[in-house]
Amino acid sequence: MNRPRVAFFSFGSCEGCQLQVLSVEDALLELLGAVEVVNFREAMDDRRDDYEIAFVEGSVVKPEDATEIRRIRNRARILVALGACACLGGVNAMRNRRAAADVAGEVYAGRQDGVFEALAASPISSVVQVDYEFRGCPIDRAEFLDAVRSLLAGTVPYTPPFAVCVQCTLRGTPCLLERGLPCVGAVARAGCEAICPAYGAPCEACRGFHDAPNFAALGDAFARAGLSRAEAAAKLQLFNDYREVRAAWERALPSPSDT
Amino acid sequence: MGASAAISVRHLTRVEGHGNIVVDVQDGVLTRCDLEIVEAPRFFEVLLKGRPADEAARIACRICGICSVGHATASIHAVEAALGITPGPRLRLLRRLNMAGEWLQSHVLHLGFLVAPDAFGAGSVVPLAASHPEIVKSALRLKRVANEICMTVSGRHVMPISYHPGWMGHWPLPAELEALRAGLAEAAADLQTLVDVFAGVAWPALARPAEHVAALEPGAYPMMGEGASLHSTAGRITPPAAYASVLQEFVVDHSAAKHVRGPGGPIRVGALARVSLAAERLHPRAAAALARLRLAPDSANPFDNVAAQVVESVQAHAEATAAVEALLADPASEGPLPPTRPAGEGIGIVEVPRGTLVHHYDIGADGRIARANCIIPTAQNLASIEADMRVLVPTLLARPKDELTHALEMLVRAYDPCISCAVH
């Protein structure tokens with residue numbers, strides 16, 4: 001059987017999702033036996049463009065990125081977005097609320113050239129059609145392997161359609177929101193095994209939302225926990241502030257700046 | 001008339017992030033010698049503004065996949081300094097264990113996956129796994145135990161979860177610590193393989209003296225920056241509050257990452273700089289590795305950063321082992337420690353795998369980050385990398401272009417640059 005040719009690319013990101021791929025450890029050599037990696041700048045010199053499956057990490061943040069992702073889309077039979085930056089815009093999208101020149105001027109005072117000709121930080125799907133999204137910040141290693149096995153078998157990778165609260169309950173973690181912490185697990189898509197609440201941090205919805213999120217009810221739950229509805233919005237802003245993602249929640253909740 | 005050469009490497013491979021090497025020599029005169037950093041900024045200093053202080057470590061760690069524990073640590077130190085929280089010895093020990101795990105993970109990733117292909121004539125880890133399976137398998141096992149440390153302490157090895165001001169969200173259970181102890185003991189043989197393999201590698205001889213800088217904390221090998229001052233091989237000792245005088249940031253046109261210079265010009269930070277400044281503080285096993293690798297602590301050769309990373313892998317393994325033993329001997333947790341003031345200014349300085357990292361925040365009366373500044377190790381090394389390139393190029397002009405190109409690529413890789421991080 002021919003091994004499918006796969007490639008990895010990255011745009012505006014920390015490359016942590018690619019690092020997760022390199023960290024599958026015991027399964028790495030098995031994975032390398034099942035696919036032929038033809039392009040993976042972070043790890044190898046070879047650079048071929050005859051790939052069938054492209055894994056793309058990061059947000060589109062500059063005009064060259066939009067050109068490049070269109071080129072990748074044209075070559076790849078299957079395009080997979082890896083992680084919050086690629087699927088949702090991720091933390092990068094928070095800057096879109098301010099003018100790009102204003103943001104650049106604050107960090108690079110005195111810089112004149114046009115290196116920072118910037119687009120609004122955007123998910124890959126804002127530019128091209130994406131076949132699959134592997135969610136999370138970062139992606140989960142076991143989930144990545146399962147999803148790749150599904151792709152190789154010609155089946156659709158599984159994405160849990162339910163809330164992080166389900167996995168948190170199964171795990172037996174006491175509810176953070178009931179303890180007055182700003183957790184948005186009730187609207188967040190699961191698949192992470194609810195790892196953040198287990199380690200003392202509220203869920204911040206890095207995988208986006210599940211299939212039937214009720215944002216007004218989340219605001220009510222925040223209010224009952226002694227938090228403000230605007231604090232719920234501020235949490236959702238962290239990974240889900242790209243305008244089309246934000247549209248899902250912004251009408252149901254006050255502006256996060258009202259906190 | 002002298003030689004001419006034009007080299008352009010677009011998107012250098014086997015480094016984190018996007019960088020180009022551009023060199024032009026006209027009639028023997030070097031007219032251009034740049035490491036272009038073309039990664040787009042994500043503007044983390046802006047993203048942090050307005051966010052609650054207890055979120056800062058979880059946002060800051062997203063700067064970098066490879067050194068996310070380092071960013072979380074610098075961030076939590078800055079927040080705790082601002083809010084008047086002073087962690088006690090057990091909290092500090094647990095965080096040191098996690099940092100040792102990240103050092104081991106990061107160094108072994110670089111040595112086994114990114115640098116070893118250069119040392120053994122392979123284009124990547126894939127052919128290397130066929131030609132030198134013992135290297136790849138040892139590196140994989142070492143990375144696994146290193147990742148296990150970070151997963152145990154902070155929930156994930158990329159993007160740690162448990163860093164909160166004054167506490168850690170998970171205190172490892174005795175059974176978890178015993179598993180780490182066993183894993184670390186098993187990894188000792190793989191560590192020796194790493195030392196032996198790299199002891200046999202000859203790197204290009206390139207001597208360019210530069211001021212080496214590291215944050216030296218009292219009584220330990222430089223890692224956590226607690227109570228540290230910035231020391232340099234030029235004899236400068238600078239308190240944390242004056243960091244901007246030794247790490248002077250400036251913008252250049254060909255790099256989206258700012259460059260940094262010290263008072264005496266370009267500086268080097270990272271494993272070699274730490275060995276230069278603190279070789280006498282190495283654990284006996286790491287000191288033995290230093291001798292086995294014949295690494296001179298005062299080396300002026302940037303390629304020796306690779307050997308220094310091998311030495312520090314041994315150091316990180318020894319530190320992690322000692323921390324696990326100490327945590328097992330006394331399982332009592334520490335924290336949460338409450339803030340003693342609602343607002344303030346704080347500086348967090350730590351030694352991450354690639355060098356000295358600074359996070360500096362102002363926290364307002366509303367408990368939110370009002371201003372953030374981050375100075376990244378790779379940015380501190382960029383001016384030195386280019387200075388090294390300017391010394392290296394003339395020595396290789398008589399050689400085939402491919403050889404010169406590869407030497408330049410190896411030079412940049414020796415610094416283990418983290419470009420996404422440098423731009424942030």
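Two strands are taken to pair if DSSP finds at least two bridges between them. In the predicted model described here, that criterion applies to strand S1 (residues 5-10) of chain A and strand S3 (residues 53-57) of chain A, which pair in the parallel sense over five bridges. Within this pairing, A:Val6 of chain A stands opposite A:Ile53 in S3(A). S1(A) is also joined to strand S2 (residues 36-40) of chain A, again in a parallel arrangement, by four bridges, and A:Arg5 stands opposite A:Glu36 in S2(A). Of the six residues of S1(A), five are buried, so the strand is largely enclosed by the rest of the structure.

At the level of domains, the assignment for chain A gives domain 1, spanning 5-153, and domain 2, spanning 164-258. The centres of these two domains of chain A, taken over C-alpha atoms, are separated by 25 Å. Their contact draws 16 residues from domain 1 of chain A and 13 residues from domain 2 of chain A. On the domain 1 side, helix H4 (residues 83-88) of chain A supplies the largest share, namely three residues, and the residues of that side divide by class into eight nonpolar, five polar and three charged.

Chain B contains 14 helices and 14 strands. Its radius of gyration is 21 Å, close to the 22 Å that the globule rule gives for 424 residues, and chain B is therefore as compact as a globular protein of that length. Along the principal axes, the C-alpha atoms of chain B fill a box of roughly 70 × 45 × 35 Å. With regard to burial, 59% of the 424 residues of chain B count as buried. When contacts in chain B between residues at least 6 apart in sequence are considered, 72% of them join residues at least 24 apart.

Between the chains, 46 residues of chain B are in contact with 43 residues of chain A. On the side of chain B that touches chain A, at least two residues each are supplied by helix H1 (44-48), helix H2 (56-60), helix H4 (89-119), helix H5 (125-131) and helix H6 (133-154) of chain B. The largest share of that side, five residues, comes from H6(B). Classified by residue type, the side of chain B that touches chain A has 20 nonpolar, 16 polar and 10 charged residues.

Definitions and conventions:
Residues numbered from 1 in each chain as written. Chains lettered and ligands numbered in written order. Predicted model: local features only at pLDDT ≥ 70, side-chain atom pairs only at ≥ 80, totals over all residues. Contact = placed C-beta atoms within 7 Å. Nonpolar A, V, L, I, M, F, W, Y, C, P; charged D, E, K, R; others polar. Buried ≥ 20, exposed ≤ 12 C-beta atoms within 10 Å, placed from the backbone. Domains from an automatic or database assignment. Rg over C-alpha atoms; globule rule 2.2 N^0.38 Å.
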